[in-house]
Amino acid sequence: MALPGLAISGEPGQLAGQGLDGFYRGGRRLLSRCLVRVAGREPLPVQARMTGADSARFVATLRASPAIGPDPEVVVERTRHADGTERITLRNAALRPLRLPLEVSLGTDLAELGAVAAGTAGPELPASVHGSGLRWATADAAACVTADPPPTDALASAGLLRWELALPPGGTAAVELRVRPDGSAPLRAAGHTATAPLAPARAEGDDPRLAPLLRSAIADLQALLLRDPAHPAATHLAAGAPWRCGMAPAEALAAARMTLPLGTRLAAGTLRTLARTQLAGPGPRAGLIPGPRRDTGPRFPPSCTGMEATLLFPVLLAEARRWGLPEEETRDLLPAAERCLTWLRTTVGDGTYLTDPYPAGPARCETQAHAHRAAQLGADLLDAYGRPGAAELRQWAQALRAAFHAEFWVEDRGGGRPAAALAPDGRPVPHLTATAVHLLDTGLLGAGRFAPGLLDKVRTEYVARLLGGPAMDTGWGLRGLGAKEAGHNPFGHRTGAVRVQETALAVAGLAAAGYEKEATGLLTGLLDAAEHFGHRLPEMFAGEQRTAGSAPLPHPAASVVLLLTALAGIRPDTPGRTVTLRPVRSAPLGELGLSGLRVAGAPFAVRVSRLGLAMVEEAADGLRLGA
């Protein structure tokens, strides 16, 4: 992946024109079939691996003369890139020269990705010979494949390109295919330019898994970068790969927040892009950042991600300022943040809770956590720039804390748990879910302080024990719904699967609150799972309980940055010219060094010793260590 380019196939490497197979550009499938045959036969696949976020290598073998012996004489290597190029190389391992026909069968439906994902893509289109390859067209789209060297034969009716290749002993021959929208220039992915917004941070230390994990995470994040078409300087992270590969406001803001240690440029681009989508007034929806609804499982109606995005906007702006977003950019974005905060107070009105925006909607636990954090960090932001409204926000946040304490806690023999939501009649919904992690994510204020949360110290301890206990901790990460809850399904994306983002938030929140044992258990489980996924953590995976000899089951990237920086406990305050370090004292991964981070617009490096002591190794001039 190197958005807007994307390539999908099975492990054999053949694009069979089935399922999601294909080369995509900007959400359209440019090529769905790319079948390679040598001497009339498909090579036998022997290896497939990702060589980067944007490339893959497939190796296969072929016996050119079965009568001679069992050993394969031809090695076929395909190197595929998300930008739409594929290089097919044949290598002769025999002691005699070979003359082999290479055939590549091509086809496409030019379908939109949404139609492909829904199984409603149309039939293959007829091809025409075009230059050194083939071309397909509809009324609103066209694509072509060109080949270098040009084929010996091109048969449009079968979508077939053919070469006669002569290979001396030990020799090679190669063909390069280029898939493009007709008339377009070569793809320039947003993450592959000199102005890419993410710093190339590095990790080192006693645990050898950390370096490849962070390296893969940053490469994957760069592959997910998209530009705002109307304002190319603004970039944001796409969500929903491979199904949507587009802007999802809440997810983009959350990911930009997690990657603040890599610099503030992604946050600035995301905020600018979403500020342009904010609904204008007057009316009750003025200030809202629109977003799609999100399925939340069988117990609740879909949630409004627009609400979540609107609450995340002022939080990201406030924390980006702490990490070093320039004052001028902060001031430019402040009016949009003020409109978000005005929407919050208008929507709550004379009530206490922020409920779903439709009749008889529930008051979700995580929504109250998002709203409470937005009010506190928003008030801090308003005070910093002499804007009105901070006192009113703090007063409402205090009232919300009191009401949450009285009405959102479900008592049980273990001391209790937070309700997943309050039903419209005020009845608490008692299910134990991973959304409780948002109660620990209270937001960063100045001088290295976190804002107070909705939980007091005693109830924070109860939540920490629940998150670190066997009902929630699979041994690979945090399951979405407690194992003992009715309807638990380890493959359910909201009813039991491990969601990496929620696990990372739990690790960071538990570590910040001082519950290092529980944080360490979730962290080491997630790192162990990452090994099984080739150091590329998926968005989620099945929440099966870990047992001896087992492996995490795949479910049919920004989180890693948060995980590792949480171990060092980096809490910057650029306006105050300080950075506070609160490392995990138990040093669960031994010595850890992080370099190439960004604080106050300059490189930042920190090292945590095996004794859990942190030392700054590189920082901006004038930045002091906070108490």
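**Ground rules.** The model is predicted, so I kept to its conventions: local features need pLDDT of at least 70, side-chain atom pairs count only at pLDDT 80 or more, and totals for chains, interfaces and linings use all residues. Residues are numbered from 1 along each chain as its sequence is written, and side-chain values use heavy atoms, with hydrogens and water left out.

**Confidence.** I looked up pLDDT, the predictor's confidence in each residue, from 0 to 100. The protein chain has a mean of 91, and 96% of its residues reach 70 or more. Strand 28 (residues 540-541) is lowest, at a mean of 76. Helix 7 (residues 365-384) is highest, at 98.

**R571.** I found R571 in strand 29 (residues 570-573). R571 is buried, where buried means under 20% relative accessible area, exposed over 50% and partly exposed in between (1.4 Å probe, protein chains only). I looked for a salt bridge, that is, a side-chain nitrogen of Lys or Arg within 4 Å of a carboxyl oxygen of Asp or Glu. R571 has none. Lys and Arg count as positive and Asp and Glu as negative, while His and the chain ends are not counted. The nearest side chain of opposite charge is E516, 9.2 Å away.

What does the side chain of R571 reach? It reaches the backbone oxygen of G448 at 3.0 Å. I also listed contacts (heavy atoms within 4.5 Å). Leaving out residues up to four places away in sequence, R571 touches L444, G448, F450, A512, V579, T580 and R582.

**Positive phi.** A447 is not a glycine, yet its phi is positive, near 55 degrees. I placed A447 in the loop between strand 26 (428-429) and helix 9 (457-468). Its relative accessibility is 46%, so A447 counts as partly exposed.

R577 is also not a glycine and has a positive phi of about 55 degrees. R577 sits in the loop between strand 29 and strand 30 (578-581). With a relative accessible area of 30%, R577 is partly exposed.

**Cis peptide bonds.** I noted a cis bond from L3 to P4, with omega near 10 degrees. P4 belongs to the segment before strand 1 (5-8). The bond from G281 to P282 is cis, with omega near 0 degrees. I found P282 in the loop between helix 4 (265-275) and strand 20 (293-294).

Definitions and conventions
Helix = DSSP H or I, 4+ residues; strand = E, 2+ residues; numbered from the N terminus. Polar contact = N/O pair within 3.5 Å; in protein donor to acceptor, adjacent residues only side chain to side chain.
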